[in-house]
Structures are given as structure tokens and as C-alpha cells.
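I set out to record the salt bridge, the helix packing and the nonpolar core of this model. My entries follow in the sequence in which I looked things up.

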Amino acid sequence: NTEGPPVPTVVLTYPLLPCSPTSARWYRKGSTKMIRGVLQTMVTNSGFGKYGNKLGAGDPPLGWPADVPWETFRGVGNSGLNNENMTKIICGMLIAVNINPENHVEVEQVREGDPNIDHSAYILS
């Protein structure tokens with residue numbers, strides 16, 4: 001018999017990324033603030049920070065890369081992480097919960113009349 005007491009589970013949810021982590025927009029000049037915001041939200045959603053487990057203590061969040069030291073992590077703005085390491089953490093945490101970072105992105109607003117967009121793709125039949 002495999003029945004027993006209910007086992008609590010935690011479902012991690014992460015907001016959509018503003019853009020693909022391999023896109024030019026992700027890596028453009030000035031994107032550090034955006035990347036830090038994404039990482040902060042993900043670390044908080046995984047139960048760490050001001051109202052959760054202590055940053056850098058105990059086991060890291062699920063998917064935290066082994067080559068980025070968790071023990072010295074004191075927050076996204078205080079740990080000296082560069083965009084590359086923050087992106088590695090973000091992607092690792094998403095992949096750990098079976099989310100593809102390339103597809104987990106916000107859909108950009110389609111502006112009617114924008115000459116850079118093929119609007120025929122958005123016409124419903």
C-alpha cells in the first residue's frame with residue numbers, strides 16, 4: 001500500500017522574463033538593473049530574503065549553479081555578481097523547474113501600423 005500521510009509540496013513559480021536571456025536586449029548596455037530585478041524576484045519567490053530563509057545560508061535555491069558561490073551571496077546588489085553569473089543563476093533556477101528560459105518571456109505588445117512587424121501574422125480568421 002503506497003498510501004500514507006499527505007506530503008507537502010512547494011510549487012515554485014517565476015514571472016515571465018522581460019526578454020530571452022540570449023537576446024541582444026538582455027545584454028545591451030544598461031541591462032544590469034533589469035537582470036538584477038529578475039534575479040531578486042526569483043530568489044524571493046524561492047523562499048529567500050527579508051521574509052524567508054537567510055541569503056547565503058543552508059542549501060541554495062533549486063537550480064543554483066555549483067560554480068557560483070551561494071555561501072557569499074548577500075543579495076543581488078551586494079554580491080558583486082556580473083550579468084553573466086546572474087544570467088547563469090536565472091537560467092539554472094528556471095531549468096530546475098522544467099521551464100525553458102528561451103520561451104518563458106513576456107510577449108511584446110504589437111503596435112498596429114508598426115512597419116517593423118508583419119501584422120498579417122496576427123490577423124485572426
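Aspartate 67, at 54%, counts as exposed.

I noted that lysine 88 forms a salt bridge with aspartate 67, with 2.7 Å between the closest N and O atoms; the rule asks for a side-chain nitrogen of Lys or Arg within 4 Å of a carboxyl oxygen of Asp or Glu. Lysine 88 belongs to helix α3 and aspartate 67 to the loop between α2 and α3, so the pair ties together parts 21 residues apart in sequence. Helices are DSSP runs (H or I, at least four residues), numbered from the N terminus.

The model is predicted: local features need pLDDT of at least 70 and side-chain atom pairs count only at pLDDT 80 or more, whereas totals for chains, interfaces and linings use all residues. Residues are numbered from 1 along each chain as its sequence is written, and side-chain values use heavy atoms, with hydrogens and water left out.

I then turned to the core. The largest nonpolar core has 22 residues, and Leu39, Trp64 and Ile90 have the most contacts inside it; such a core is a set of buried Ala, Val, Leu, Ile, Met, Phe, Trp, Tyr and Cys residues joined through side-chain atoms within 4.5 Å. The elements giving two or more residues to this core are α2 (32–45) and α3 (83–96).

Technical notes
Buried means under 20% relative accessible area, exposed over 50%, partly exposed in between (1.4 Å probe, protein chains only).
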